[in-house]
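This briefing goes through one structure by topic. Look at the sequence and the model first, then read the points below.

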Amino acid sequence: MVAWLDAAGNVGEAAQRLTVHPNTLKYRLRRAHELFGIDLGHPDVRLSCWLQLRLAD
């Protein structure tokens, strides 16, 4: 998810950074939403996720 957030939501760029197919990344993002209820379509949620993941590093 960090790669996707760092790529400002650009699936192609994030998939390339992760060396996975863009559809694989889309699937993983969809699963994160299904499993954890993360709504990455909302800017405040994206910011919160980005900050939490950065602090965990």
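**Helix α2 and its ends**

At the start of α2, the backbone nitrogen of Gly 12 has a side-chain oxygen of Asn 10 within 3.1 Å. This is a polar contact (a pair of N or O atoms within 3.5 Å; within protein, one must be able to donate a hydrogen and the other to accept it, and residues adjacent in sequence count only if both atoms are side-chain atoms). The model is predicted, so local features need pLDDT of at least 70 and side-chain atom pairs count only at pLDDT 80 or more, while totals for chains, interfaces and linings use all residues. Residues are numbered from 1 along each chain as its sequence is written, and side-chain values use heavy atoms, with hydrogens and water left out.

- Helices (H or I, at least four residues) and strands (E, at least two) are DSSP runs, numbered from the N terminus.
- Just after α2, Thr 19 has a positive phi of about 55°.

**The buried face of α2**

- Val 11, Ala 14 and Ala 15 are the buried residues of α2. Seen down the axis of α2, these buried residues fall within an arc of 100°, so they line one face of the helix. The arc is that of the directions from the helix axis to the C-beta atoms.
- Buried means under 20% relative accessible area, exposed means over 50%, and partly exposed is in between (1.4 Å probe, protein chains only).
- The buried residues of α2 pack against α1 and α3. Contact here means heavy atoms within 4.5 Å.

**The nonpolar core**

- A nonpolar core is a set of buried Ala, Val, Leu, Ile, Met, Phe, Trp, Tyr and Cys residues joined through side-chain atoms within 4.5 Å.
- The largest such core has twelve residues, among them Trp 4, Val 11, Leu 25, Ile 38 and Cys 49. Two or more residues of this core come from each of α1, α2 and α3.
- Ala 3, which lies in helix α1, is also part of this core. Ala 3 counts as buried, at 14% relative accessibility.
- Leaving out residues up to four places away in sequence, Ala 3 touches Ala 14, Arg 17 and Leu 18.
- Between Ala 3 and His 21 there are 13 Å in space, C-alpha to C-alpha, and the two are 18 residues apart in sequence.
- Ala 7 is another member of the core. With residues up to four places away in sequence not counted, Ala 7 touches Glu 13, Ala 14 and Arg 17.

**Salt bridges**

- The whole structure holds three salt bridges. A salt bridge is a side-chain nitrogen of Lys or Arg within 4 Å of a carboxyl oxygen of Asp or Glu.
- One of them joins the side chains of Arg 54 and Asp 6 (2.5 Å, N to O). Arg 54 lies in helix α4 (residues 43-56) and Asp 6 in helix α1 (residues 2-6), so the pair ties together parts that are 48 residues apart in sequence. Arg 54 is partly exposed, with a relative accessible area of 33%, and Asp 6 is partly exposed, with a relative accessible area of 33%.
- Arg 17 and Glu 13 also meet through their side chains in a salt bridge (2.5 Å, N to O). They sit four residues apart in helix α2 (residues 11-18), separated by about one helical turn. Arg 17 is partly exposed at 46%, and Glu 13 is partly exposed at 31%.
- Arg 31 and Glu 34 form a salt bridge as well (2.9 Å, N to O). These two are three residues apart in helix α3 (residues 22-36), separated by about one helical turn.
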